[in-house]
2 protein chains.
Amino acid sequence: MQDDLMVIPEAVGQEGLLERIRRLVLGGEFPPGALLPEAYLAQEFDVSRTPVREALKQLQHEGLVEIRPKVGTFVREPTRREIIELFQLKESLEGLAASLLARRGEVPELTILRRNLEDSDEAVLAGDTEAYARLVHEFHWTIVRGSDNYKLFEHYERLMNQLAYQRLVLRTVEHPGRIAASTGEHHAVLEMIEHKDPFGAESAMRNHVYASSREALVTEPERKP
Amino acid sequence: MQDDLMVIPEAVGQEGLLERIRRLVLGGEFPPGALLPEAYLAQEFDVSRTPVREALKQLQHEGLVEIRPKVGTFVREPTRREIIELFQLKESLEGLAASLLARRGEVPELTILRRNLEDSDEAVLAGDTEAYARLVHEFHWTIVRGSDNYKLFEHYERLMNQLAYQRLVLRTVEHPGRIAASTGEHHAVLEMIEHKDPFGAESAMRNHVYASSREALVTEPERKP
DNA sequence: TTACCGTCGTTTGTATGCAACAGACTCTTG
DNA sequence: CAAGAGTCTGTTGCATACAAACGACGGTAA
């Protein structure tokens, strides 16, 4: 299995470009409101303007840039309201995922989740916030994957792309108390899932997402004038 | 004010094309699964392939078509399993919408909903299934709009396009017993919303969507061999 | 000094050409 | 007769070229 080497013919040329431009925008090199000339990006990534244009359109859908027709493409930071809306969606979708996963039997994802929580506990004890952040990410994605609903997976993927700004730029400095609470909530979610309690799993998951979003939103400061 | 004559510079060339291709797809001229050649569309609408390509990407984002890289663009044709998955999503998203709407005060959408139910009752008594189908559509969309969550609106739009909902709802409507039950559920949903009961509204909405989906799925037979 | 008009540079939007890939069809061979 | 390899057509993906529009800048006049 050499998945890494199995280069998808040219979707790589496309998605790779999209990823790179997204990282460039999120990297903060261009301040919000700055112009992103297509020609510059084309030269920078050694492609023509055509694929750059397509990638920018996608980034517009993700809310990262704003395309003013006949004027140009500008870096745009999602508004606080948009982030709130996205978190509400996240709560609903992940609640559904947990519910669906709880309805399933013993699936491989449960093993991953158990292992994930063990590692998370270790990371918390070790104070390794970076590893913990990665494990949190894996926890949520595993539940969505484990729901065995591919359409849900697709919409969730889209949602998380739109939340990429929040994840990567507004790096929420997790309060220690919040980390403890979060791990506790994770355990509660998994317990409900293992008890095959769809309603309880959904409720626990939504509580967890809501609490996390609250934390993320209070951490996000006011907009500078 | 001559808004009609205030031609938006060239977004007209773009949006006009997008609208026309969208209507072409929705019109059913191309059956689900059919290939939409870029060259054909370009010639048909007397433009080059480049703007056609951009419009198709937008349509893919809306969920109306599926672009298989290096193969072609096809009118979306959901499998039965995908329809089930999409209905699960629909239940979750509409539940969220009803919940959010119930949290809001007296908003214009409530007036629309009350009027909608009056008209629906009339349509049921008159046996006007066509009008009823249209009103059902309006009911659901009004709730999603009334949720005041634009990101939810966007995801819902994509979901409904993928479901090709308008194709499904027509078959569902033909069951007299189901129509009576459906109207009753609509009334229950609105009542919960008017009582500003988010949990009750979400629950009622999800029950309704679930019942409708069951009906749609039994109505939709197996795929022809 | 300020408001306005014309010119210019930069950027986007569209058209076209070319190369590469996917899928189907046919021909050959066991 | 069936299976496989090779070819061949249709379609997409990308690069490049050109034209049009927007916004800024400077000059002019009141």
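Helix α7(A) is mostly covered, with ten of its 13 residues buried. The model described here is a predicted one, and every value below is computed from it. The buried positions of α7(A) are A:Lys151, A:Leu152, A:Phe153, A:Glu154, A:His155, A:Tyr156, A:Arg158, A:Leu159, A:Met160 and A:Gln162. The length of the helix can be checked against its residue count: at 1.5 Å a residue, the 13 residues of α7(A) should span 18 Å, and because the end C-alpha atoms lie 19 Å apart, the two values agree.

Part of the surroundings of α7(A) comes from the other chain. Helix α7 (residues 150–162) of chain A packs against helix α4 (residues 80–103) of chain B at an angle of about 55 degrees, and the two axes are 8 Å apart. On the side of α7(A), the contact is made by A:Tyr150, A:Lys151, A:Leu152 and A:His155, while α4(B) contributes B:Glu82, B:Glu85, B:Leu86 and B:Leu89. Sorted by class, the residues in this contact are four nonpolar, one polar and three charged.

Leaving aside residues up to four places away in sequence, A:His155 touches A:Leu93 of its own chain, together with B:Leu89, B:His155, B:Arg158, B:Leu159 and B:Gln162 of chain B. A:His155 and A:Leu93 are 62 residues apart along the chain, and their C-alpha atoms are separated by 8.5 Å.

With residues up to four places away in sequence not counted, A:His208 touches A:His140, A:Arg178, A:Ser182, A:Glu185 and A:His186.

Chain A as a whole comes to ten helices and two strands, and from the N terminus on its elements run α-α-α-β-β-α-α-α-α-α-α-α. Of the 225 residues in chain A, 47% are buried. Among contacts in chain A between residues at least 6 apart in sequence, 70% join residues at least 24 apart.

The strands of chain A, β1 (residues 65–68) and β2(A), are joined by four bridges and run antiparallel; in chain B, β1 (residues 65–68) and β2 (residues 72–75) likewise pair in the antiparallel sense over four bridges.

| Hairpin | Residues between the strands | Turn residue and its positive phi |
|---|---|---|
| β1(A) and β2(A) | three residues | A:Lys70, near 65 degrees |
| β1(B) and β2(B) | three residues | B:Lys70, about 65 degrees |

Within these pairings, A:Glu66 has A:Phe74 in β2(A) as its bridge partner, and B:Val65 stands opposite B:Val75 in β2(B). Which way do the residues of strand β2 of chain A point, and are they buried or exposed? A:Gly72 and A:Phe74 point one way from the strand, A:Thr73 and A:Val75 point the other way, and all are buried. In a regular strand the side chains alternate between the two faces of the sheet.

Terms used
Residues numbered from 1 in each chain as written. Chains lettered and ligands numbered in written order. Predicted model: local features only at pLDDT ≥ 70, side-chain atom pairs only at ≥ 80, totals over all residues. Heavy atoms only, no water. Pairing = 2+ DSSP bridges. Axes fitted to C-alpha atoms, helices over the stretch in contact; angles between N-to-C directions. Contact = heavy atoms within 4.5 Å. Nonpolar A, V, L, I, M, F, W, Y, C, P; charged D, E, K, R; others polar. Expected span 1.5 Å × (residues − 1). Buried < 20%, exposed > 50% of the residue type's maximum accessible area, 1.4 Å probe, protein only.
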